[in-house]
Amino acid sequence: MLRRTIDILGDFFVFTGQTFYWMTRGVTHRKNWRLLTPQLYEVGYKSLPVIMITGAFVGMVIAVQAVEQFRAIGMEERMGSIVNLSVVRELGPVLAGIMLAGRIGGALTAELGTMNVTEQIDALRSMGVNPIRYLVAPRVLACFFLTPALTLFADFTGAMGGWFVSVILEGIAPGPYWDYTQQAVTTFDLYSGIIKSFFFGAALGLISCYSGFYCKPGAEGVGRACTAAFVTSFIVILALDFMLAQVLQDIQTAFFGFQSLL
Amino acid sequence: MRVAKKTDNRPLIELRNVSKRFGALQVLDGVDLSLRRGETTVVIGESGTGKSVLLKHIIGLLRPDSGEIWFDGQRIDTLNEQSLVPIRRRMGFLFQMAALFDSMTVGENVGFPLTEHSGLKPAQIDEIVAEKMKMVGLTGLQDRTPGQISGGQKKRVALARAIALDPEVVFYDEPTTGLDPVRADVINEMILKLKRELQVTGIVVTHDMVSAFKVGDRIVMLNKGRIIADAVPDWFRTCDDPRVRRFVDGRADKEDLRALEVG
């Protein structure tokens, strides 16, 4: 069991190394660009609606949960700080990442897995085409760059969702709501959410492609690979979030000092 | 470009004592085999005796646990993927399930090796694709997707793709499996045509004896990862080794029959 885990980790790191090699080579070779465009469309444009819906509900739910508590201590105008900070710094990036692990990760694993079991990956190699360059690098590259971009959209609709519940439904004055938001949410908070989502994008792209690339034969193999890829991406995203939250918090405190929200 | 000198008697492909194991299963067990230029060698044997594995070793999709593989005077089993590219460009591989890319049209599939390697303009590629499609008797199907054509047509498209770069060697992995006898014979004729017209060196893995006798200049039989017979097709018609006889005549052995009765 332990040996198997170490074997898989080793394979995964070799796979990651090769992918990064071809990602950097890919950018400088024009003939690789045409491989990237369809992936950008698939990962980015097609994920936009679900990502925006995810973001909006996240914002609305936080506002619903928070409003009673803030009202009880008579500070409901400070709602904006906690709602928008949670969205931008934590829940926007994490839930966008998890949403993408499901939507994009599942599709990538199923696609590459099917190609693997029908010998299409072997066919590529037999024709002297490196499948990591041809299939994996553009997909991981698309995930790497577009997860942060999509997270920005989730952040935006999240803020809108929070505003909708707080200001429109609960009748909190919009002026103070946004003033407190502006005080609480710094540029660093926005950046730290985006920095995290670069890691989430790379992780979900690599894990999903790896799972498809080395899946077991048959329809059952592909199905299992999809499940495993999603579960692994989910856990890795949460673990990365924990580690990055710690590191980014330390950096913020070191440079800007402690800031109280209330 | 292609140097298929008929007078050259050196083997084009040589396997020296090649062994391969998957887990507890010894798939290849010390295989020695050399293949001459311009000949079609048929590899027969029961399912699971390592026939496809043998092919995949020669094109570098699998690496031997021990032993050496030589192609045209160069040792290739130790080369990395990048160094294998020029070797693989001289080879074509027809996969058992055709392995067409289903995200591309038939024409794009056939043109794929050219798009990747030749540096030709799209119009020139289209021309070669049309020529190869004509060779396999499927003119005008370029715009279909692999999902829209039949199994036999897929194999022929895959063959057109395998010969797009005018390879010296073509590997056929069970080319007639799953086809009706007429379509199977179309594939056999195509293998003969490639040998005749392009002097292609062929390696055919099959358990279809009709096909083996028709296309083979030489037949090699694998059993449990070892070569148990290597001769001209006629020898197989008369040989009295029971393992060869059973396979060539397609008869179940006594133990299989006994198992059925008990069951």
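Author: Let us begin with the salt bridge, which is defined as a side-chain nitrogen of Lys or Arg within 4 Å of a carboxyl oxygen of Asp or Glu. By that rule, a search of the whole structure finds 37 salt bridges over all chains. This is a predicted model, in which local features need pLDDT of at least 70 and side-chain atom pairs count only at pLDDT 80 or more, while totals for chains, interfaces and linings use all residues. Residues are numbered from 1 along each chain as its sequence is written, chains are lettered from A and ligands numbered from 1 in the order in which they are written, and side-chain values use heavy atoms, with hydrogens and water left out.

Reader: What makes K56(B) and E119(A) a salt bridge?

Author: Their closest N and O atoms are 2.9 Å apart, and the rule asks for a Lys or Arg nitrogen within 4 Å of an Asp or Glu carboxyl oxygen, so the pair qualifies. The pair crosses between chains, from helix α1 (residues 51–58) of chain B to the loop between α4 (79–117) and α5 (120–126) of chain A; helices (H or I, at least four residues) and strands (E, at least two) are DSSP runs, numbered from the N terminus. Both K56(B) and E119(A) are buried, a word that stands for under 20% relative accessible area, with exposed for over 50% and partly exposed in between (1.4 Å probe, protein chains only).

Reader: Why are D249(B) and R251(B) called partly exposed?

Author: D249(B) has a relative accessible area of 41%, and therefore counts as partly exposed, and R251(B), at 48%, is placed in that class too. These two residues form a salt bridge, with their closest N and O atoms 3.7 Å apart. Elsewhere, salt bridges that share partners join E119(A), D122(A), R125(A), K56(B), E81(B) and R88(B) into one network.

Reader: Why is S19(B) counted as buried?

Author: S19(B) has a relative accessibility of 12%, and because buried means under 20%, S19(B) is buried. S19(B) lies in strand β1 (residues 11–22) of chain B. Leaving out residues up to four places away in sequence, S19(B) touches several residues, including Q26(B), L28(B) and P64(B), where contact means heavy atoms within 4.5 Å.

Reader: How do you know how much area chain A and chain B bury between them?

Author: Buried area is the accessible area (1.4 Å probe) that two parts lose on being put together, summed over both, and for chain A and chain B this comes to about 1800 Å², 52% of it on carbon and sulfur atoms. In chain A, E119(A), R125(A) and M127(A) lose the most area to chain B, together 34% of what that side buries. By contact, 17 residues of chain A meet 23 residues of chain B, and five salt bridges are found across this interface.

Reader: How do you know which elements of chain B have the lowest and the highest confidence?

Author: The score is pLDDT, the predictor's confidence in each residue, from 0 to 100. Helix α10 (residues 254–262) of chain B has the lowest mean pLDDT among the elements of that chain, 80, and strand β8 (residues 201–205) of chain B the highest, 95. The mean for chain B is 89, and 97% of its residues reach 70 or more, but pLDDT stays under 50 over residues 1–6 of chain B. Where pLDDT is low, the predicted coordinates should not be read in detail.
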